[in-house]
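Colleague: I'd like to learn how to read a few features off a model. Could you walk me through some?

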Amino acid sequence: MFDKQVSTYFCSVSQWLMLWYEELLFPLPHMFDLIRIISLLLSSSYGSLEPYDLLYNNAVDAFYRSDYKDVVRYMEGALSSYAEVRQTKVRCRLRCQDQHPFDSVSMDLQFFDVVLRRSNCQNECIEEKVGTQSMHKVSEDVNQDFQRRIPYNYLQLAYQKLKQLDKAAAAAHTYFQANPEHVEMDQNLEQYKALEGSDQDHFVDREARPHQRSFSAGVKLYDTADYKGAIALFEEALQEYYRADVECRALCHGPQRFEEQDHVLYRYSLYELVSDHFTQALHCEHECVRDLSTRPGRLSPMENYLPLHYDYLQFAYFQMNMVEEAMECAKSYLLFHEGEEFMTENVDYYREAVGHDVKPREVGPWLHPKWHPIPYILVQNSKALNGTQRVLLDDVISVDECAELTNLAHTVTMAGDGYRGKMSPHTPNERFEGATVLKTLQYGYEGRVPLRSARLFYDASERARRIIESYFLLNSTLHFSYTHLVCRTAITGQQDHRNDLSHPIHADNCLLDPEANECWKEPPAYTYRDYSALLYLNGDFEGGEFIFTEMDAKTVTAQVKPKCGRMVGFSSGGENPHGVRAVTRGQRCAVALWFTLDPLFRELERLQADEVMQALDNQSSQSQWDTSLNINPKDEL
């Protein structure tokens, strides 16, 4: 695994491997119970912090024994242990990052040295506080239970049985914040509120995030014109936000899941391991922005969350006649939305009022909205493509990935798939074939195509989604609406004197009416689609250029020649009419993707594919196949 040059500089390769696998790269998929018990017995700090999954299991066992005192004891202990482990990781990782910075690194070996020293520092620091780390490596299921606040469901029932109704109300309220669709808990809360002696102070969110709590309270005061109080709360919310952001990013610098790799077959060189780890860490840090702006129990983050703080503050300061502070906040807002007209006008007004300019507040470069975590090459932006909300990118996937997906398409695609069975839905001169992600995974599971190829289709489409979401600065989660691996093939003998298009000019979420110069957003158009993308797999064919036009469906504004790894992305409305020129020789293959910002219109097959991928990952980590796994495209969740 390690280069000879590296091994000569370090005396113990085994120590390197232990460090990488223990902390830096990814956790071992399973730990035997016996090893865990021995670790507990041998740990010098055993008893100082019990693992939260064991406490959680004890609480659940006590619940089914109707021992509600033990439920409370163990479950409160589990919540405390969970929080302590998290905070210990944050403190230790931040401390070790400060002690072992990358600032002065200029050579590969120096970089590796810092990485390993930092990793060793973190391990020692964490184990000093909580004991052997293997004790606190818990299953994904348990972590998801804590993230979904399931412990509070048990607690509210236990406190209710123990007649501690104030604590039951708090637990119920905390659970309901993250599970607003839970009808029974909603009814329980109404009953608690109706009880004699019930106090509004009992209904507190024990897991409330300080930055969101302060922001919500600030908005309430702002709406009542209490600008002084609102300023104090918004400033507090900003401080809490940046503190939470630092903590979130610190948690990213631990073991990572390699989502696009098979853990069992993962065998790469040191450089590839390091690169993969830090790529995952960067993606994790990027997701912190979304996580911090998403309220419990919600699928999507609050729109424009962080910039809104500065928007509220600039107006509140103005109302308090604190114009310099107002201009400072307005200019901070423009760091996120450069050139936005209304805020630019506000800045001009403030500048004229105070008679001089001021600088915006410092905003960390990691929060700049134009930062992209996934590597690609920007070829043309909206301006170069003569439109709005358009982008052309290269190297989204590699040549090898293009070849693998093309081979996959030759096996799994079926004529008329996705076109109501019509083999030539747009022109009689070409044959259309397609396949969905779920169908491809089914073929992979059945052994009809390589499973890794089916995974690649899934992963490449997710990569495309993340790029579109990131590039267009979307504050809400972009969901799949439809994903299609599609090939269009020129029919031999029917290409002479063609004057039609492979795909007529259209818009993706409205009915294009060239004569009226309108695009009607009504059925049967897919009105819920917001963004579209085409990821091309090959360029060895004639014709098949992608074109943007004006609303008249005639005037071409931009043309894209497909090639391997190239992706064109755009908003799905009438501002982007588009089509495909005739494919006159060969076969043109691509991954076609449509996205929506409305979670109600998420692609059902994609949700099923997500579950299948999770099941396959679980099987892969266990190195065995569960023959009971059923993949049926017609299943409903």
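This is a predicted model: local features need pLDDT of at least 70, side-chain atom pairs count only at pLDDT 80 or more; totals for chains, interfaces and linings use all residues.

Colleague: In what order do the four strands of the open sheet run?

Modeller: Strands of a sheet pair through backbone hydrogen bonds, either parallel or antiparallel. Here the order is β6-β14-β11-β12, with antiparallel pairing. At the edges sit β6 (501-506) and β12 (556-560), each pairing on one side only. Strands are DSSP runs of E, at least two residues, and helices are runs of H or I, at least four, numbered from the N terminus; two strands pair if DSSP finds at least two bridges between them. β6 has three bridges to β14 (residues 578-581), and H503 has V580 as its bridge partner there.

Colleague: At what angle do α5 and α12 pack?

Modeller: Two packed helices are described by the angle between their axes and the distance between the axes. For α5 (residues 68-99) and α12 (residues 227-251), that's about 85° and 9 Å. Axes are lines fitted to C-alpha atoms, for helices over the stretch in contact, and angles run from 0 to 180 degrees between N-to-C directions. So α5 is roughly perpendicular to α12 (65 to 115 degrees; under 35 is roughly parallel, over 145 roughly antiparallel, the rest oblique).

Colleague: Which residues of α5 and α12 meet?

Modeller: On the α5 side, R86, Q87, K89, V90, R93, L94 and Q97; on the α12 side, V246, E247, A250 and L251. Contact means heavy atoms within 4.5 Å.

Colleague: Now the backbone: where is the cis peptide bond?

Modeller: Most residues other than glycine have a negative phi, and most peptide bonds are trans. The cis bond joins P523 and P524, with omega about 10°. P524 lies in the loop between β8 (518-520) and β9 (531-536).

Colleague: And N304, is that residue buried or exposed?

Modeller: N304 is buried at 13% relative accessible area (buried is under 20%, exposed over 50%, partly exposed in between, with a 1.4 Å probe and protein chains only). N304 has a positive phi of about 60° without being a glycine. D395 also has a positive phi, near 60°, but is partly exposed at 45%.

Note on methods
Residues are numbered from 1 along each chain as its sequence is written. Side-chain values use heavy atoms; hydrogens and water are left out.
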